[in-house]
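Here are some notes for a first look at this entry. Please read them with the structure open.

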Amino acid sequence: MSQTARPASAREEELLERAYRYALDQGLSGLSLRPLAAAIGSSPRVLLFLFGSKDGLIKALLARARNDELDFLARTRAKDQGVGRDLATAVRLTWQWLSGEPTRPLLKLWVEAYARSLIEPDGPWAHFARQTVEDWLALLTEVQPQDPNAATATAERTLALAVLRGALLDLLATGDFERVTAAIEHYLRLVAPQQGLPVGAEQRTGLSVTSVDTVGLTRPVLPDGGF
């Protein structure tokens, strides 16, 4: 029985949430049903009944991860009109969220799924990378003041997403928050100097209040939970 054929039961939702927390800690590439089931208080037989197969479970976990991403996008869209209404501010808000310590396990899972969807396009990861790109480009499109269909606008949001993705990979690899955040701010000053906020200035954003650290870069103060 497929997941889409019936509403998820309370038990299925509970086990999916536990499995998701396990995947955030252990990753997905080497996922094995027996140790997973033992860790979340279930059995391989129950998991196969609820999700149909191991691939079905992986698809459900990736959908759960995407829900966290979409939740952030929805919260960003819901902010006051004065916040996140231009590309530079949207990039800054997004980076604050991406670079937060609570978000790191999810982003490692995202990188893993992104790479696997390119290597195994017919597996349970299929279309994950493309869908992620489309989700983020949709948000950036909404905050562009000019015609979003114009070639320049398309190039601007594509470049912004590429900078964020590259900075994220660098941060996950090195943990060097100050250097990578300084690079983001430098990029914003180059592409939108009139919208850039001075590095070292305390600022209130639509997501949180940021505080100035010892080297003059803003470090995000994120809400509990997260992506």
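1. The model is a predicted one. In it, helix H2 (residues 33-40) packs against helix H3 (residues 44-51) at an angle of about 100 degrees, and their axes are 8 Å apart. Angles of 65 to 115 degrees count as roughly perpendicular, and H2 and H3 are therefore roughly perpendicular to each other.

2. On the H2 side, this contact involves Leu-33, Arg-34, Leu-36, Ala-37 and Ile-40. H3 contributes Pro-44, Leu-47 and Leu-48. Sorted by class, the contact of H2 with H3 holds 7 nonpolar residues, 1 charged residue and no polar ones.

3. H2 also meets helix H1 (residues 10-26): their axes come within 10 Å and cross at roughly 115 degrees. That makes H1 roughly perpendicular to H2. The crossing of H1 and H2 is right-handed.

4. From H1, the residues in this contact are Leu-15, Arg-18, Ala-19 and Tyr-22. From H2 they are Pro-35, Leu-36, Ala-39 and Ile-40. The contact of H1 with H2 comprises 7 nonpolar residues and 1 charged residue, with no polar ones. Leu-36 and Ile-40 of H2 take part in the contact with H1 and also in the contact with H3.

5. For the chain as a whole, there are 9 helices and 2 strands, in the sequence order α-α-α-α-α-α-α-α-α-β-β. The chain has 227 residues, and 42% of them count as buried.

6. Of the contacts between residues at least 6 apart in sequence, 63% join residues at least 24 apart. The accessible surface of the chain is about 11,600 Å², with 56% of that belonging to carbon and sulfur atoms.

Key. Residues are numbered from 1 along each chain as its sequence is written. This is a predicted model: local features need pLDDT of at least 70, side-chain atom pairs count only at pLDDT 80 or more; totals for chains, interfaces and linings use all residues. Side-chain values use heavy atoms; hydrogens and water are left out. Axes are lines fitted to C-alpha atoms, for helices over the stretch in contact, and angles run from 0 to 180 degrees between N-to-C directions. Helices (H or I, at least four residues) and strands (E, at least two) are DSSP runs, numbered from the N terminus. Angles under 35 degrees count as roughly parallel, over 145 as roughly antiparallel, 65 to 115 as roughly perpendicular and the rest as oblique. A crossing is left-handed if the near helix is turned anticlockwise from the far one by less than a right angle, and right-handed if clockwise. Contact means heavy atoms within 4.5 Å. Ala, Val, Leu, Ile, Met, Phe, Trp, Tyr, Cys and Pro count as nonpolar, Asp, Glu, Lys and Arg as charged, and the others, Gly among them, as polar. Buried means under 20% relative accessible area, exposed over 50%, partly exposed in between (1.4 Å probe, protein chains only). Accessible areas come from the Shrake-Rupley method with a 1.4 Å probe; for residues, only the protein chains shown count as cover.
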